[in-house]
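I opened my notebook and loaded the structure. These are my entries, in the order I looked things up.

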Amino acid sequence: MRISIVILLFIPFLLKAQTAIIKPLSKGVNSIGSELNFIRVDEKTAYYSSSNMEQEHYESLIYKTIFIDGIWQKGTYFNLGDAQSVANITFFNDSIYFVVYDNLGNCNIVYRDNIKPVTKLINGQYINYPRAQNTQPHFVNHNNQKVMYFVSNREGGFGGMDIWLSIIDKDGNFGSPINAGPNVNSRFDEITPFFNNTEGALYFSSNRSESIGGFDIYNAIGHTNIWEDVKNIAFLNTEFDEMYLSFYTGNKGYISSNRTGALYKEQEYCCNDIFSFKILPKKEIKEESGAVFLKYLPLKLYFHNDEPDCCTKSTTTAKSYKDAYISYFKMEDEYAL
């Protein structure tokens, strides 16, 4: 039995600022291989990449899935031509953009339109830089200025894979690539950019030294190559890899991770599955004279019977919040939403 205890006092304790509900997608999408880059285009349709070992080489293909009765159904192969390995699909101006890998592992950003479904290289100067990885395109409209963010390990970066951008003119021509700058890029790898218009923030993954583990998700407020300081989005990260974040609404989206809960996780770095996430709203807090107060009091908390005061039916307590909270905190996982 649990009793409700109303505590009529201020609260000198800082609650968690933000958290998220994170769940793996169904086995119809996640498999023994790696699933990446889940892009939801409407209420019922999404596309993603799935990679597996085929005949001793790594092969990646794109699949389409439909949302029925609350479940993403088994993906069906989405044919984009004769390329042996494709990934990182996205959509822009009635065209499909994706990445093609050659036999040497090099990759280039290409597209197909609805008029002539022929695969073409992007026409911008050095978007597909020779002898470099050019991948993970993502399109954004910054105040009517169209921009493509992408990832490359080309010369002129800060080290490893960097996030770059190309400004698109009114005729659809791609401008020369610009590095997103030192507030985003580092001597480590920065990958999988996605811009959340609700926040005005670029989300990406990096394996920089201060990460919780492997690739972590970070964000930075700004645009093009003008960014505020990067923040680690700790409530989305684990000691494993988190990458390919995409938002479908302002607070809901998808990530790829090899965290605990991924299917067929038989070794440390295998394999990435797709997880949905919902970011919960921040608690309304207010700081006054070094103390923290909830916006609304009294506060109703639930404890096990006979806590925090034994052998009483009283609905209030004289104990401080800190003293009363200890036993509740130990049961956090059980009481979590």
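How many residues lie between S8 and S9 in their hairpin? I found two, and Asn-93 in the turn has a positive phi of about 50°.

I noted the ground rules next. The model is predicted, so I read local features at pLDDT of at least 70 and side-chain atom pairs at pLDDT 80 or more, while totals for chains, interfaces and linings use all residues. Residues are numbered from 1 along each chain as its sequence is written, and side-chain values use heavy atoms, without hydrogens and water.

**Entry: strand S9.** I took strands as DSSP runs of E, at least two residues, numbered from the N terminus. Strands pair if DSSP finds at least two bridges between them. S8 (residues 85-92) runs antiparallel to S9, joined by six bridges. I saw Phe-92 opposite Ser-95 in S9. On to S10 (residues 107-113): seven bridges join this strand to S9, again antiparallel. Tyr-101 has Cys-107 of S10 as its bridge partner. This hairpin has five residues between its strands, and Gly-105 in the turn has a positive phi of about 90°.

Why is S9 largely enclosed by the rest of the structure? Five of its seven residues (95-101) are buried, meaning under 20% relative accessible area with a 1.4 Å probe, protein chains only.

**Entry: the core.** I looked up the largest nonpolar core and found 20 residues. Such a core is a set of buried Ala, Val, Leu, Ile, Met, Phe, Trp, Tyr and Cys residues joined through side-chain atoms within 4.5 Å. Tyr-149 and Leu-202 are among those with the most contacts inside it. S13 gives the most, three residues.

Conventions: Buried means under 20% relative accessible area, exposed over 50%, partly exposed in between (1.4 Å probe, protein chains only). Helices (H or I, at least four residues) and strands (E, at least two) are DSSP runs, numbered from the N terminus.
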